[in-house]
Protein chains: 4
Amino acid sequence: MRKVGIIGLGHVGATVAYTLFTHGVVDTMVLIDANEGKAVAEYNDLRDTLARNDYHVNVYMQDWSQLADADIIITSFGKISAVIENGDRFGEFGINSKNAKEIGEKIKATGFKGIIINISNPCDAITTLLQETIGLPHNKIFGTGTFLDTARMQRIVAEELGQDPRNVQGFVLGEHGSSQFSAWSTVSVNGKSVLEIFDDQKLAQMSAQSNKNSFIVARGKGYTSYAIATCAVKLVLAIFSDAHLFAPVSVYLEEFGTYIGYPAIVGKNGIERVVKLKLTDNEYAQLAKSADIIKEHIDQIK
Amino acid sequence: MRKVGIIGLGHVGATVAYTLFTHGVVDTMVLIDANEGKAVAEYNDLRDTLARNDYHVNVYMQDWSQLADADIIITSFGKISAVIENGDRFGEFGINSKNAKEIGEKIKATGFKGIIINISNPCDAITTLLQETIGLPHNKIFGTGTFLDTARMQRIVAEELGQDPRNVQGFVLGEHGSSQFSAWSTVSVNGKSVLEIFDDQKLAQMSAQSNKNSFIVARGKGYTSYAIATCAVKLVLAIFSDAHLFAPVSVYLEEFGTYIGYPAIVGKNGIERVVKLKLTDNEYAQLAKSADIIKEHIDQIK
Amino acid sequence: MRKVGIIGLGHVGATVAYTLFTHGVVDTMVLIDANEGKAVAEYNDLRDTLARNDYHVNVYMQDWSQLADADIIITSFGKISAVIENGDRFGEFGINSKNAKEIGEKIKATGFKGIIINISNPCDAITTLLQETIGLPHNKIFGTGTFLDTARMQRIVAEELGQDPRNVQGFVLGEHGSSQFSAWSTVSVNGKSVLEIFDDQKLAQMSAQSNKNSFIVARGKGYTSYAIATCAVKLVLAIFSDAHLFAPVSVYLEEFGTYIGYPAIVGKNGIERVVKLKLTDNEYAQLAKSADIIKEHIDQIK
Amino acid sequence: MRKVGIIGLGHVGATVAYTLFTHGVVDTMVLIDANEGKAVAEYNDLRDTLARNDYHVNVYMQDWSQLADADIIITSFGKISAVIENGDRFGEFGINSKNAKEIGEKIKATGFKGIIINISNPCDAITTLLQETIGLPHNKIFGTGTFLDTARMQRIVAEELGQDPRNVQGFVLGEHGSSQFSAWSTVSVNGKSVLEIFDDQKLAQMSAQSNKNSFIVARGKGYTSYAIATCAVKLVLAIFSDAHLFAPVSVYLEEFGTYIGYPAIVGKNGIERVVKLKLTDNEYAQLAKSADIIKEHIDQIK
């Protein structure tokens, strides 16, 4: 039976919970938040939904011991206001690096042996801290990383061409933050490379748009929630069903010595393997630079 | 093809939009909010979801003309903070009675001929004002009313007995507000009347709990969203598929001259018919009193 | 993770597999059939579906050892032509009583410790034989029994009244066969007893209709599949999510010393408990008679 | 509201109906078959499912007039035994060319103005005959064509690499029949061309496998149903939601003067446009040859 814990019930964590609940993805869900009132509220709002839901889901709250035999934990703690004020996801790093250590210790103490999907920002750095604190192997903890940014890029490209975003293949790589970039050499629409469709100026503009869009959403509603929650749920499903889904997520790359947004195969063991891309020299340089930025930030905190 | 408009993108309206979107319930969705930034944000968050969603959904925003040929409009405007401060859903009445008239006029101006489901509070009074302003027949506009409170009651009874809330039948009737009540003579669990299971004291305590629970949620997260959104989506599905679903919603009862929470059959024409219950004298008196309270409030505003 | 085995890939078993697969209800599915070519075909047809399915599902075939750690086994072996020729589900008893022993022994040999849902007919007798052969406790093996017949009764009553069958509550009890009966004292529509809506003649006609309808379907398409498959999937979901669903299924009643269609609470332990109904004297007599018929048939085979 | 007609209730048509029904894809469904008993059986089996289904769906049967305002008609008539005996989908051509004319005339007579998805085999030829008979523009009628064969190819490639078939991009082109071929220059896995992964011998073997697999299924169960039904349902959803889905289906190519499996954008107008591929000379020659075969067969019948 499928059991998922969610730590951090801000808009993202709560939306993940609601999505898992209404789609019947899980049998048991454990909700945890530093704010007791928030946890009690989300717990009750979901329990009140049961009579109108197509699925029964067992919900527990604020019980760390319930995580011991969970299959998956999603970490979605944070303080989005710090991101919006700062205009950069590293705005949350001060708070979340502390959170990562405290929460990591608590997860470790439960004896949890499953897979962790980290959403907390800055995603790559926090995934690193969580991995170091908990001591799980690198494959068993990864971040949503640029899975979300890639969805945003797919949408931007699709809108330019009047198409379904699912017709767009390819990746946004690097930090889930300002130094991310669309690796256009990997991107195709209906099998045709975007390099044949758009000129360099257009590509540069579309690349910048992906990260900008997230701030339009964050400023307008105070956070972003739907796209990221849906990304997390896709990853949860891929783990449960051992789907061997190909997705760009925040994975540990030996080559750079850090977690960073890069394609991998996601299955029951978390990251089944990283899939090496043939990038252009320029793209590789951007990726290396993005890795440096992530590592610098982590070094600052240590 | 299925087209739904949502007016008011607070937490409830936005959650309804997200639920319709991720479950593929609609083909086209029109999002409208007085706060342009909020509408832009929700629109973009949903568009960013498209690449990870199992369904394609066309989303429009801030375009009233798109409502002309919509099948269903959901009204979910309001200011929840006014409810929480006041401890009663009539706290929102001042603001929402103005909203109802302004929004009602705008809906009327589009030439909309479909069905309206009102969620805005106080639900029964606002449904009344919307119907009067727009001039649609009573069957084509109704409120979520006690469909939500009934779900809460089903949960409370089910928890007492260690059961699935879907095993509990029966109704909360009256105002979607403080004067609502569980009509226990109508409530059964697995075919057994709750009157045979619980004593009067327990029943009274459980009846009060339903409305209290909503304030626990509202205070803890600042609003309630999941249970109400799921109720609204069930009603949307019942209309599209002409399901003849039996549900307690805010319907116009000639007998009391007001909209009030009472069971009806929901289908493609909205309220296909009201289903008369055999209530006890005491229950009938409570219902009549609840109707009076709704009417008094409406009179005050006129 | 959710793992289900299906033994017997006739139209019913195959449709159960397809439904679990396309709704993402399971992560792993094990398909077994006496006819190797049939198993190979269903396996390949499902594998060919993967690229168009919203969910990834791992499918194994003809591997009994994969059942050892399955959560649920569905038994759907049989030879429907024997039923249609005979006009009675006991037409399959000769063949299926042998099947039940052989298959029961094989299940036992795997060390399976989960829950068995039996669909094979005659359902109550075959469930009995499987339980005796495998030696699982009574709660861990049960049959779909009159869960299907009840759905048929709900439809018949709903059609008479122009309503959604889900508005109809109540039960068909007894043998999943000719001696079944609608326990009208338990049946209500929108909270109103059918005894107040229909006269005795109409009730008698509707009671007979439920079983007749199944033969209209069986004769027209050579088998029945959709309604029974959907019933089985509901029970699978109830077990995985520990839903405490209230449903009439073939359960062991001490009182009669046999498996028979009667309401129970279905959860992670299979039958969590039987729920005693207040039947009329006449209904109780019908139930007792139906139990006798089931036992006579079992005795004949022993 | 969404209305779909299905003409031909063999295993394919019936499975399409069941899938639409259990996933709530349609609000109204019209079932038509030359065999009255079969239509009555499928109608009743679905009606018996309503009480256990998460969605309400209105089902009509044998009423051609109900097709007048349907959004989509799926044609799935045929006689699979003729295909299996013959070892080629043209085995059904004699029977189905008659069917196409008779059924086409009846569809025309209803005044139907929506989109037709043809599944009947030989798919490309029958789509041609239906279009000519009914006189709908080419964009409003198309066949499932190699959408299914492509799914089979995706699976074959994915299995070689231990991946999810959804990670495989690219197309099987040409006739939905023996002259089809995998256009390997279009096929990539996780963005890497299969030409870099497999040698020519392996590619040739995998190309042949796709069509062979369908006969393994057809011989083992007497027909194929699940993969094709799921393909058809994806196309139905793409039309309703105007998804602009990119899919290889049987479309009319001016260049060859015939319907043939080739990628197109599917939306509310059926085929929104054909998407030209850059094929290798060899692939183009194969496509041209496949077109000739389709046209020769059509000529024979005329």
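Predicted model: local features only at pLDDT ≥ 70, side-chain atom pairs only at ≥ 80, totals over all residues.
The contact (heavy atoms within 4.5 Å) takes 18 residues from chain B and 18 residues from chain C.

Within chain B, the axes of helix α6 (residues 147–161) and helix α7 (residues 200–221) come within 9 Å and cross at roughly 130°. That angle makes α6(B) oblique to α7(B). Angles under 35 degrees count as roughly parallel, over 145 as roughly antiparallel, 65 to 115 as roughly perpendicular and the rest as oblique. Axes are lines fitted to C-alpha atoms, for helices over the stretch in contact, with angles from 0 to 180 degrees between N-to-C directions. Helices are DSSP runs (H or I, at least four residues), numbered from the N terminus; strands are E runs of at least two.

From α6(B), the residues in contact include Asp149(B), Arg152(B) and Glu160(B). Their partners in α7(B) include Lys202(B), Met206(B) and Gln209(B).

Residues are numbered from 1 along each chain as its sequence is written, and chains are lettered from A in the order in which they are written. Local features need pLDDT of at least 70, side-chain atom pairs count only at pLDDT 80 or more, and totals for chains, interfaces and linings use all residues, while side-chain values use heavy atoms, without hydrogens and water.
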